[in-house]
Every structure is written in C-alpha cells, then in structure tokens.
Amino acid sequence: MWKKRLLKFSKWFFGTILSLVLLISLILYMYKDEICNVVIGKVNTYLNTEVQVSQVDLTFWSTFPNLSVDFNDVFIQDPYEASTKRDTLFASEQVRLKLNPFDIWRENYTVKSIEVSPGTLQLKVNEEGEENYDIVKHQEDTVEQAAPVDLNLELIQFENFRLSYDNRVTDQLYRTHLKDMTLNGALSESVFSTTASTNMKIIEARSGKVTLLKNQPARLSIQVNVNSDSSTVEIPPSTIYISELPFEFNGDVDSIGYDFNVKGKNIAIADAASRFSVEQSAEVKKLQGTGYLLFDLNVNGKSNNNSPAMIQCDFGVDNGFIKDPVSKLSLQKLHLEGEYSNVGGKEKEFLALNNVSFNTKGGPFAGNLKLTKFDAPHLDGSADGTIDLTILHAIFHIPAIEEMKGSMKVHSDFIVNGVLREDETMDYNIQKCEGEVDLLGVNVQLEDDQRKFRDLNGRVYLRNNEAGLQDITLKLGKSDFEINGVFKDVVNYFKGTGNLISDVDVRSKRISIADLGSTSKEEKEDLQRTFMLPENIEGTAFLDVGRMDYEGHVFSKLKGNMTINGRVINFPRISVNNGGADIRGSLNIEERRPEYFYLKSNLVSKNMRFKPLFKEWNNFQQDVIKSYNIDGVAQVSLNFEAPFDLRGGIISSGIMATIGLQIDEGRLKNVSAFKSITESLRETSSARMIIGKNNINSFEKKLLDLKFEQLSNTLIIKNGIITIPQMSISSSALDIEVSGQHTFDNKIDYRFGFRLRDIKEKKMSEFGEIIDDGTGMRVYVRMFGSMDDPTVEWDSASRKEQAKKNREEEKETVRAMFKSEFGLFKNDTTVQEYIPNKIPKEELIIEFNTKDTIEEVFEENERLFKRKKKDRPQFKKWELEEKKKKEEEEELDWDFD
C-alpha cells in the first residue's frame, strides 16, 4: 500500500516541478524580448557611443536563482574621428548582467552583478590630450524610461581580461593581463568600501623611457574606500605580491591628483635575485644568501591627463651575500645605492647606480653608472675590479647566453652620448672609452648554438675608437686559436655607419671546420640562408695553421696573407700541404649570394705523389683509377674556378679548370679500363687472327703494368666534362697514344692508339733484338659509354686521321731534306731545315701569374712565410699609458690621505 502512495506522491511532486519549469520557461520566452529591450535601452541612455552586440540572450537556469541578460560579442570602437574597426576601446565575448527574477515580476529592473569574460579594455589619451574613454553621458543628458533599470551592484567579476592605459601626452604605458579579478561591496552607494582581489600579469609598466616592470606575475587583495560625495578614493596600507615578493602599498586619489607609495617589505636579496634574474621562466632557481633589498617608490601627479606622473624611487643593498647553490660561488659584501627620479621634468630625469661593489672568488669589484637625458641617453661610468662570470650569469641570466664561466678583470672609464637621428633612430657617440679587459679562463656557450668557446684568455684594449686584442687564446671543439691584432673605427662599426678596419694575426695548431658552424649539418638544412661573410669588415690578416680538417681531408702547414673587403676574401699568397704535396699559389673567395661562394685559384705543386693524394681524396669519387692503380710524382699548375654551396659543396657543373701536368717515374697497374681493351680484342675474331692469342696475352701483361719515365699534358675541365688532349705514354715495353673526354657522371669517350709491333712479342735475330724504326701499322681503339659497362670498338676515324697526319709529316720531311741536302726551297721560310730524329727529353715549364716558374713561386713563398710574430707597438704604448695613469692615481690617493 505504501509503495503505491510513494509512487503517487512522486508522480505528483515531479509533475508539479516539471510544470513549474515549463511555466517559467514559457513566461521567459514570452517576455524575453521585452526584458532585453528594457535593459538595452537603459544601457544606451548612459552611453554616447555605439555599442555593437551580435546577440542578446535571456538565461535563468544556468544562473539560477538569478536571471541574467547576456550580451554576446560586444564591441565598442574608439570614439576618435579617424578611428576604424581595428581601433578598439572595449571588446568582450560575453558581458552578463544578473538580476533578481522577483524584482522583474514587480517591473523593478535592478542589476545586482556584472561578469565580463574574456575581453579587453584599451584606454588611450592621444597627442592632443583627447580621451577615448569619455563615452558616458552627463546626468542632464540622460532620459528616464517608463520601466527604469537601476544599478545596485554588489559584485563585478573579470576573467581573462586585458587592460591597458596608453597616454601619449605624458608618455606612459601600462599593460596587464587579469587572469581573474573580483570587486565586492555596495558598489552603487555614494560612500562604500570594496575589496579588490586579483591574480594578474604585469606585461609592461613604463614611464617615459624607463620600464618599471615587465612580464612579472602579481597578486593583491586590497581594500578601497570610495566617497563619491567628496570625490576621494583611499587605499589603506595593504600587502601586494609582485613575482611572489611582498610590498606594502597605499595611496590616495582626489579631484586634484593622486599619490601612491610602494615599499619593500623585508625582501631578501636572494629571493629578489632569484625572481627577477630569469624572465618568463617556468622554473626559478632558488639562490641562497643574506641581506635585504631596500626599495621605496613614490608616484604622484595631477588628475589631468596632460601632467606626467612624478616618480621618485630609492633602492639599494648593504652588506649583502648571494650564493648559487649549483656552482657554490657567491657574491660577498654586495653594496649598491640606486636612485631614479623624474621630478622636475625630462631635463632632470636620471638613473644612478652609485658605489656598486662586491667581492667574488676572483677579487673585489667597484663601479658607478649614471644615466641622464633618456631621449638621447648620456652614460657616464667607471668599472674597476674582477667579475666572476659564473655567479654573474647565475644571478642575472644574461640574454642569449646559455652558459658562462670564468672571470674577467676590468679597468675602464667611459662616457657615451646618444644622438637622435631625423628618422628617430638612436645613434651613439663614444666621448670616452679607455681601459683594459683581461679574460681569465672564460667558457661561453650561446643559446641555440652548438659551439662551446673554452679557455678564453688574453687582454682586450679599449682606446676610444680603437680596440686591440693581445694574446687572445681560445679553444673551440678540437680547434684552438691565438689572435693578436688591432681594430680601428670601432665606433662607426657598431653604429652601422662605417666599416671595421682590422689588422690581425691568427695562429693555430689545429682548426676543424666543423667546429666553426653554429648548427649541425642536419639543422642547417632547415634554416634560411644568410650571408656568412661580413659586408662591413675590411682589412688584413695573417694565418698560420698547423693542421686544418675539412670533411675528412687534412690540410697541414697552412700559411697565408689574407685581405677581406665587401664579402670577398683574397689570399694573394698561400701555402699548404695536402696528401703529402706542397702547394703554393693564390686563392679568392667571394660570397655572391647567401651561403653561395665563387672560388678562384692559381696553384702549383712540384712534389705531388699520386698514391697518397688519391687515398686522401677517396680516389676523387671515381672507380677508374684508384690509389693502388697509380704511382708517380707530378708537377702541377692549376687554374681553377668554381661555384661553392656551403651546404652542398662544390657545384661540379660550374667548374672551369686548366691543369698543366707533368708526371715523372709514373706507373699504371691493373687499370680496369685497359683490361676492357684486351677483353675486346679476344672477343673479336679478326683481332685474334691478325694479332694472335699469345700476343694478346703479352699485350695485356704490358698494359696492366705500364711504367713510363715522363708524361706531360694539359687537362681542361668545363661544363662538367674533363677533356684530355692527345698525349703519348712512352715506356720501354709499349707506347700508347691517349685522348678523350670523361664527364662527372662517368660517361666516357676515350681513344687509344698502339703500334702493332708493340702488341706483338719482340723478335730476335742472330744480330740481336729487332728495333722498331717508328714505322709500321697502328691499331686504334675507342672506349665509350658508361664507365661501369663501356663499349670497346676499332676506331677507324682515328686511324684515317693518323694516316692523313703521317702523309703531311712525310711531305714536310721530304721538303726539309731537299732544302738541307740540295738547296731547294731556300726562299721558302715555311720549310724548316732537316734535323735527324733524336730521343727527346721532355721538360715541362709551367707559367704562374704569367711570369713565375714553380721554383720561383716556392722560393718567394718560403721568404714570405718565414714570418715571426708581428710586433704591435700600439700595445706597448697602451701599456705605458696605463702604467702612468695608475701611478698618477696612486699619487692622488696619497695626497688625499
């Protein structure tokens, strides 16, 4: 029985609830437009600008027990005359006004709370002092509606809201991101107190040229007392947190102006250094230490928009101690007296860091800095002492540097003046910059850079517009460097108005080219191409490198004078050893497009040995003749030009080269191309009949171990083709004539010529060996096609050409004999005297720069490269000046005492 009653009661109860829900939903649907129009009408009576709304909804159940009017996609444009839809005063995806549904039933439209999420409010004052937020109508301009809407606000909420204030007259900019903000209280009363709570990020707080805060989190919960009758706002002392550091905050606002004060509240300097050293970092390294940060900021000004805020800030540290728990290094006896003020206007604005001093592991440091004239900055400062770079980087996290260790000893005085150009860019004139910087075991690695600069030592001289490097040594990967030199016109170089003039010596035991790249080869493929050679550096340099590695190749004893100008590097004289060969000559490198170079060289060598050279260069990427197939010593003259891609190497199709070549005591052994010739002879029936099987075997034996005393020729490389003009390879066993072409993709067209008597075995008579008189039948063979599978055939064209040449030579010989023996053709200068044939001894003369022989080039380079370390009289002069200056300072200190 009770089950039936429970079921009956449940049906009645839920039916009533459902009916009530349907009834309320029906009433809201029927009066939705009327309620929304009343609220919209009331909002428009308060504003004198257009409010754009894409949609207005009336909701109840999602905001139960309140009724809300939702304005979706709200947009208010700047009221300036020249503004466009891109100029935003206010925008929000949703503005929600909450009302009491029973008040609406009594036709009393009272707004209890406002919610804005997400959105932006951009308050501006332009150069003429016009505000973009003066959009509220004055009281006498409002018109009451029949159904009034009242504001009885108790709550205002913002979520994911961006707020900014940009005053062009006073040059002030404040930008924040309110993650959440709540205002509680009787906000519609003439006198009320409200509690403001927010979590936000201060994106930027700037007054003039001084940035007070940037990208720092903040949170606060303060009380605000408002009196509309007397137009005053009071903020009693409260604690606010900036980057989780506590500050005491209070302020007053009235009809005349405002006055705010922010004071540090027992801020430990270790916490301050930890929080402000790493910008926008998710993990903040906790530094250890003792001492407190002294901070007192006062901001006041007049309420009108044309008066800038007057800022007076005093800050400092006394007897502080900071320790990095990772490196165990510390700053001791840290002292700082700082002050910033713009009271009195821009002409009296200044930032001063006075009596800065601390001790590190390397020793004490002291300095001063004063900055004035912020529109055209004037810097006046001094620095004297040792700085431990490890602890410096741990505290301040110097931008763009991943890791830094070592120490730096500084003694410098400087005065720098800023000059504003007509295009509103800043230029700097160094009025004074004198001093020295000693680098002591410095290690540096830049961010996003694979290079690690290690063991950096030496001295840097600063002399106004000049700088000197004395005994600078460093290591980079497997490479090491020693640099000495002088740089001139330093000021204009850093200003971007002139070239840096250099005169340096660079010495090294070893340089690996792979160490010089800031990215790996794989990473470089994904990066945009940029110029590698500077356009604004010119001067001279001397290189002395014991060993240089590049992609598996070793260049030793590299010496040369270098000039650089306009992305062109020129070595008028260079010396290097590669593959056991001593090479001399000149080299020109020009970067015509980003990472695309054009190379020009004139090189000679008199002791180039083929076996180690072929092994060094991996047989020059071909399989025809390998290191174990060739031997001999060559004299070479190379005139070479080619484009070079830094990412892909030499572009072979663009190579243009002329190679003068003389080989002595040469040997070709087991060359596969020669083997193909004899295989072709065996497969040809006519060849077997004429030559004979035994003779072919004997011929193959000669070809597969071909020795010769001397060979000379000039090879030409152009359009990806190596052209070999006709040349003779003479040996005691066999004479061969060779010519042809060989492309870089291993397409060949070779022509070989042999004497038939050389192919056949030599015959003996009772008087001894039968000597070839140079006459007799010649055999010509052509090898063409792919190097991997060449085609070998009889070369009838070469045979006909040789026969024609022989006939012409015989005619000339006969005419010469008639002239010499019988006196004919005496008046014909084209007919030469007959000279009997003798065994020729070839001599190769290679021109270098149209006048020098190989020996002269080598002798001149030897004189040039016997260069000692260059004396730098500037360094001695600067050392004496510094010594005299220190003596004068000591005398002044003594007189003062």
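This is a predicted model: local features need pLDDT of at least 70, side-chain atom pairs count only at pLDDT 80 or more; totals for chains, interfaces and linings use all residues.
The chain has 897 residues, and 40% of them count as buried. Its secondary structure consists of 15 helices and 43 strands.

Let us begin on the inside. The largest nonpolar core has 55 residues, and the members that touch the most others are Ile322, Ile395, Leu439, Ile472, Phe481 and Ile569. Apart from this core lies another one, made of 45 residues, including Leu153, Ala196, Val226 and Tyr340.

Which residues does Phe481 contact, leaving aside its neighbours within four places in sequence? They are Ile472, Thr473, Leu474, Leu476, Val506, Arg507, Ile511 and Leu516.

On one side of the pairing list is strand E24, residues 466-476, which pairs with E25 in the antiparallel sense over nine bridges. Within that pair, Gly468 stands opposite Val486 of E25. E24 and E25 also form a hairpin, with two residues between them, and Gly477 in the turn has a positive phi of about 65 degrees.

E25 has a further partner in strand E26, residues 500-508; these two run antiparallel and are joined by seven bridges. Here Lys488 has Ile501 in E26 as its bridge partner.

Now move to another stretch of the chain. How many bridges join strand E21 to strand E22? There are 18, and the two strands, residues 401-420 and residues 426-446, run antiparallel.

Gly435 finds its bridge partner, Leu462, in E23. E22 and E23 form a hairpin with six residues between them, and Asp448 in its turn has a positive phi of about 55 degrees.

### Some residues with a positive phi

Most residues other than glycine have a negative phi, and most peptide bonds are trans. Asn160 has a positive phi, near 50 degrees. Asn160 sits in strand E6, residues 149-167, and counts as partly exposed at 38% relative accessibility. Asn355 also has a positive phi near 50 degrees. Its place is in strand E18, residues 350-360, and at 41% relative accessibility Asn355 is partly exposed.

| Residue | Relative accessible area | Class |
|---|---|---|
| Cys313 | 7% | buried |
| Cys433 | 16% | buried |
| Ser575 | 6% | buried |
| Glu595 | 4% | buried |
| Val326 | 64% | exposed |

The cysteines first: the structure holds zero disulfides. Cys433 has a relative accessible area of 16% and still counts as buried, because the cut-off for buried is under 20%.

Ser575 belongs to strand E30, residues 568-578. Its side chain makes a polar contact with the side chain of Arg584, at 2.8 Å.

Glu595 lies in the loop between strand E31 (581-593) and strand E32 (596-609). What does Glu595 contact, leaving aside its neighbours within four places in sequence? The contacts are Gln528, Arg529, Thr530, Met532, Phe644, Asp645, Leu646 and Arg647.

Val326 is a loop residue too, found between strand E16 (310-323) and strand E17 (330-341). With a relative accessible area of 64%, Val326 is exposed, because the cut-off for exposed is over 50%. Val326 and Leu287 are 39 residues apart in sequence, and their C-alpha atoms are 9.0 Å apart in space.

Technical notes: Residues are numbered from 1 along each chain as its sequence is written. Side-chain values use heavy atoms; hydrogens and water are left out. A nonpolar core is a set of buried Ala, Val, Leu, Ile, Met, Phe, Trp, Tyr and Cys residues joined through side-chain atoms within 4.5 Å. Buried means under 20% relative accessible area, exposed over 50%, partly exposed in between (1.4 Å probe, protein chains only). Contact means heavy atoms within 4.5 Å. Two strands pair if DSSP finds at least two bridges between them. Helices (H or I, at least four residues) and strands (E, at least two) are DSSP runs, numbered from the N terminus. A disulfide is a pair of cysteine sulfur atoms within 2.5 Å. A polar contact is a pair of N or O atoms within 3.5 Å; within protein, one must be able to donate a hydrogen and the other to accept it, and residues adjacent in sequence count only if both atoms are side-chain atoms.
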